[in-house]
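Here's a quick briefing to read alongside the model. Have the sequence and the 3D view open as you go.

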Amino acid sequence: MRCWYFSEMAYHPAWEAGLQRGTLRVVLPSSNFDPPTAHGLLNRYLDEFALCDEVGLDIMVNEHHSTVTCMTVSAPMALAIIARETRRARLLSLGTPIANRPDPVRVAEEMAWLDVLSGGRLEMGLVKGAPYEIQPANSNPATLMRRYWEAHDLILKAMSTHDGPFNWEGEFFQYRSVNIWPKPVQKPTPRVWMTGMSEGTGTLAAERGHVVGTLLSGGTAKPMYDAYRKRARELGWEAGPDRMAYAAVVGVGATRAEGLRRADQIADYVRTAPVVAEQFTNPPGYNSIAANVAIMKAGPRAHRIVKDRQGNTIDHRKATVQQFMDTDTVFAGTPDDVFNQIRLFNDRMGGIGHLLFFGQGGFLDHNDAVENIRLFGREVAPRLQELDAQTVAAAD
Amino acid sequence: MSRAISVAGVSLELEERGEGRPLLFLHPGEGLEPRREWFDLLARCYRVIAPLHPGWGNSAVPNWLSTVDDLAYLYLDLAATLMVENAVLVGACFGGWVAAEMAVRDTRQFAKLVLVDPLGIKVGGVLDRDIADMHAIPREEYMRLAWADAAKGERDLTELPEIELAAIARGREAFALFGWKPYMHNPRLKRWLHRIDVPTLLLWGERDGIVSTSYGEAWRAEIPGARMEVIPDAGHFPHWERPQDFAERLVHFVDSN
């Protein structure tokens with residue numbers, strides 16, 4: 001199992017203002033934002049990313065818009081800096097919301113440039129994006145996935161075509177001359193990642209051999225991984241753990257109490273991230289007709305909860321660390337605790353090859369963040385890497 | 001009665017009631033709601049033909065059909081297929097936008113046009129919001145803006161059968177498909193409203209908070225000879241909220257010379 005450190009570079013000083021207003025996204029004005037404070041935070045967060053390279057962790061960056069939960073507005077911009085500050089870490093952009101980007105060729109150029117800059121260390125997430133990203137991007141939710149697939153196909157063709165130019169006259173994108181420079185180091189393209197929460201996404205990712213990732217709920221992840229494996233078998237290949245990724249909060253400490261405390265602080269990210277004004281949580285067309293029927297039948301606000309392993313419903317906005325551990329949202333404790341929790345989780349999921357490690361959630365201070373990264377990188381990640389070898393050996 | 005008809009390769013669901021002069025009614029983004037009183041009031045006087053816009057009924061919108069232009073041509077084809085003559089074209093809210101797009105293209109089969117709180121044109125500057133952003137406000141605020149008396153519009157969705165819920169979900173998706181960007185208007189439509197060459201009545205809910213009566217005045221100013229009447233105690237859907245008043249004004253306009 002590879003381990004990827006991940007931080008949204010939160011602007012937590014404004015969380016309270018957002019909670020009071022009932023939304024941390026889309027409509028919280030930037031009068032709540034102090035640039036000098038953010039200057040300090042951004043530089044600190046980038047230092048924390050750089051540390052990952054020293055302790056043998058890979059790195060993941062994402063992006064959100066119009067929100068206090070995530071200051072990263074451009075995954076490639078953040079990765080460009082991180083690429084220069086690291087030597088070994090693989091760099092995962094997870095990712096670019098390509099259905100919200102007006103110019104897929106520009107995405108292809110930026111990804112190719114990053115791959116060249118980093119010497120072929122890029123992993124390329126092409127994501128649908130969260131529902132509340134629709135409003136800031138003003139992209140049409142009713143055609144979101146059609147636009148996603150057209151952009152996806154165009155980006156991969158642009159990066160893998162070296163006898164261009166070619167023209168593209170699609171439903172959403174039109175170019176007369178696509179001929180990107182530079183071309184990427186990795187052939188035909190850096191590995192592609194998708195994110196999702198449904199069996200449908202698992203199936204579609206399997207048809208292309210992409211890595212599929214999901215976050216914060218084992219109950220949602222398992223059916224998606226199973227759908228992926230099933231579809232791969234139908235297509236005549238066996239999907240290994242390297243196609244499955246899972247994002248969770250991880251708190252490691254010298255003692256169990258210290259690990260739980262760190263996880264509790266990072267988990268504030270999970271508690272705040274879903275606090276979004278209701279009207280931006282389900283734009284028309286973003287979810288399937290069947291999902292919308294279920295939401296309407298359940299009544300207002302009833303859909304924002306996940307279930308733990310015993311089938312109890314957990315509200316992410318108010319959950320305790322223990323409840324988060326019961327939904328596989330959080331792994332926490334000593335290095336041994338965390339290793340054992342992830343090992344059991346890995347078994348339950350049928351083998352996952354990538355753990356995306358939320359190691360920063362706002363109020364966790366720099367010293368704690370550094371210790372969390374060091375302990376995880378040195379005492380947990382190497383044992384998780386061996387887990388793959390054991391799984392493979394057992395399978396043989 | 002309900003029936004399906006194929007027009008330009010699209011299967012349209014129609015609700016049709018009444019006899020006499022044909023009246024083609026194009027429904028709001030919220031849906032047709034043929035069980036409300038307005039429909040029978042109109043059907044007493046006319047042969048009311050009310051298609052469900054593609055997506056608002058039981059079938060998905062074909063991928064190629066994605067703009068209000070497409071709907072305008074589709075309904076011009078429908079009118080030709082049904083061979084309506086001397087007909088009345090009525091559109092409310094989103095349906096008003098579609099009706100106006102038809103009327104600037106071709107009025108051969110229509111003798112009168114009635115637009116009820118239509119969306120569809122841009123009047124103010126870049127920072128002016130002519131049309132309330134129905135998708136960026138809480139449901140309660142939307143109801144307050146869209147109805148003079150929001151209680152008249154409330155529905156308990158949890159009680160509806162799944163087939164109706166699916167139609168509602170599909171309709172919401174289709175409304176976004178056609179109207180998301182530019183938001184619920186065609187930046188060029190206002191320029192062509194001068195082409196409308198049939199007598200036109202604008203009916204406007206006095207307390208419409210989605211598109212105000214001053215927005216209605218802008219429509220009136222652009223359509224040659226158009227008249228505007230304001231319906232008291234009505235919001236964005238006067239045909240639902242004040243059906244008698246709505247029907248009387250419509251009939252008076254249609255039946256006068």
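In this predicted model, the axes of helix α7 (residues 199-208) of chain A and α8(A) come within 7 Å and cross at roughly 35 degrees. Axes here are lines fitted to C-alpha atoms, for helices over the stretch in contact, with angles running from 0 to 180 degrees between N-to-C directions. Helices (H or I, at least four residues) and strands (E, at least two) are DSSP runs, numbered from the N terminus.

**Helix α7(A) against α8(A)**

- On the α7(A) side, the contact includes A:Glu199, A:Thr201, A:Gly202 and A:Ala205, while α8(A) brings in residues including A:Pro223, A:Tyr225, A:Tyr228 and A:Arg231. Two residues are in contact if their C-beta atoms, placed from the backbone, lie within 7 Å.
- Sorted by type, the residues of this α7(A)–α8(A) contact come out as eight nonpolar, three polar and three charged. Nonpolar covers Ala, Val, Leu, Ile, Met, Phe, Trp, Tyr, Cys and Pro; charged covers Asp, Glu, Lys and Arg; the others, Gly among them, are polar.

**Helix α8(A) against α12(A)**

- Helix α8 (residues 218-234) of chain A also pairs with helix α12 (residues 335-349) of chain A: their axes come within 9 Å and cross at roughly 40 degrees.
- That angle makes α8(A) oblique to α12(A) (under 35 degrees is roughly parallel, over 145 roughly antiparallel, 65 to 115 roughly perpendicular, and the rest oblique).
- A:Gly218, A:Ala221, A:Lys222 and A:Tyr225 of α8(A) meet A:Phe345, A:Arg348 and A:Met349 of α12(A).
- The residues of this contact split into four nonpolar, one polar and two charged.

**Chain A as a whole**

- Chain A has 13 helices and 13 strands.
- A compact globule of 396 residues would have a radius of gyration near 21 Å, and chain A agrees with its 20 Å. That radius is taken over C-alpha atoms, and the globule rule is 2.2 Å times the number of residues to the power 0.38.
- Along the principal axes, the C-alpha atoms of chain A fill a box of roughly 60 × 50 × 45 Å.
- Of its 396 residues, 49% count as buried (20 or more other C-beta atoms within 10 Å of a residue's own, C-beta atoms being placed from the backbone; 12 or fewer is exposed, and in between is partly exposed).
- Among contacts in chain A between residues at least 6 apart in sequence, 74% join residues at least 24 apart.

**Where the chains meet**

- 20 residues of chain B touch 17 residues of chain A.
- The chain B side of that contact holds twelve nonpolar, three polar and five charged residues.

- A:Gly164 and A:Pro165 are joined by a cis peptide bond, with omega about 0 degrees.
- A:Asn138 isn't a glycine, yet its phi is positive at about 50 degrees; with 11 C-beta neighbours inside 10 Å, A:Asn138 counts as exposed.
- B:Glu33 has a positive phi of about 50 degrees too, and is partly exposed, with 17 other C-beta atoms within 10 Å.

**Reading the numbers**

- Residues are numbered from 1 along each chain as its sequence is written, with chains lettered from A and ligands numbered from 1 in the order in which they are written.
- As this is a predicted model, local features need pLDDT of at least 70 and side-chain atom pairs count only at pLDDT 80 or more, while totals for chains, interfaces and linings use all residues.
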